[in-house]
Amino acid sequence: MASLGGKLMWAVAGTAASKMARSYTRGMLHRENGAPRLPRKARRQSGLGMMLGWAIATGAIMALADVLSEQGKDAAHAR
């Protein structure tokens, strides 16, 4: 097992990397005055089709996670 110091080091490194990625992405997606860089048409693409797409994608990811979880349980019981 890793020591507490090692775990804390990885937690701090992960937090810093996440913060840097978020700030870089935010800077790339917005102008200096805070307005989004996307054209108006792209910003208005929030219709029913997009919501259905997100629902289907979320359902697929949750189903995959459920299958993998069950396989993990089966593998643990087989040992």
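I started at Arg26, which has its place in helix H1 (residues 4-29). I am working from a predicted model. I looked up the accessibility of Arg26 and got 45% relative accessibility, so I put Arg26 down as partly exposed. I then took a C-alpha to C-alpha distance from Arg26 to Pro36 and noted 9.4 Å, for a pair that is 10 residues apart in sequence.

Next entry, still in H1: I went to Thr15, which is found in this helix.

I moved on to the loop between H1 and H2, where Ala35 lies. Ala35 has 24% relative accessibility, so I listed Ala35 as partly exposed. Which residues does Ala35 touch, once its neighbours within four places in sequence are left aside? I found Leu29 and His30 in contact with Ala35.

Then I turned to helix H3 (residues 48-78), the helix that holds Met51. Met51 has a relative accessible area of 53%, which means I count Met51 as exposed. I looked for surface patches and recorded a nonpolar one formed by Leu48, Met51, Leu52 and Ile56. Together these four residues have about 460 Å² of accessible area.

For the overall layout, I counted 3 helices and 0 strands in the secondary structure. Read from the N terminus on, the elements run α-α-α.

I checked burial across the protein. What share of the 79 residues is buried? I got 0%. The cut-off matters here, because a residue has to be under 20% relative accessible area to count as buried. Ala35, at 24%, is therefore partly exposed.

Last, I looked up confidence. The protein has a mean pLDDT of 80, and 81% of its residues reach 70 or more. Where is confidence lowest, and where is it highest? The lowest is in helix H2 (residues 40-43), at a mean of 58, and the highest is in H1, at 86.

How values were computed: Residues are numbered from 1 along each chain as its sequence is written. This is a predicted model: local features need pLDDT of at least 70, side-chain atom pairs count only at pLDDT 80 or more; totals for chains, interfaces and linings use all residues. Side-chain values use heavy atoms; hydrogens and water are left out. Patches are made of residues with over 30% relative accessible area and no salt bridge: like charges are joined within 9 Å, nonpolar side chains (Val, Leu, Ile, Met, Phe, Trp, Tyr) within 5 Å. Accessible areas come from the Shrake-Rupley method with a 1.4 Å probe; for residues, only the protein chains shown count as cover. A salt bridge is a side-chain nitrogen of Lys or Arg within 4 Å of a carboxyl oxygen of Asp or Glu. Helices (H or I, at least four residues) and strands (E, at least two) are DSSP runs, numbered from the N terminus. Buried means under 20% relative accessible area, exposed over 50%, partly exposed in between (1.4 Å probe, protein chains only). pLDDT is the predictor's confidence in each residue, from 0 to 100. Contact means heavy atoms within 4.5 Å.
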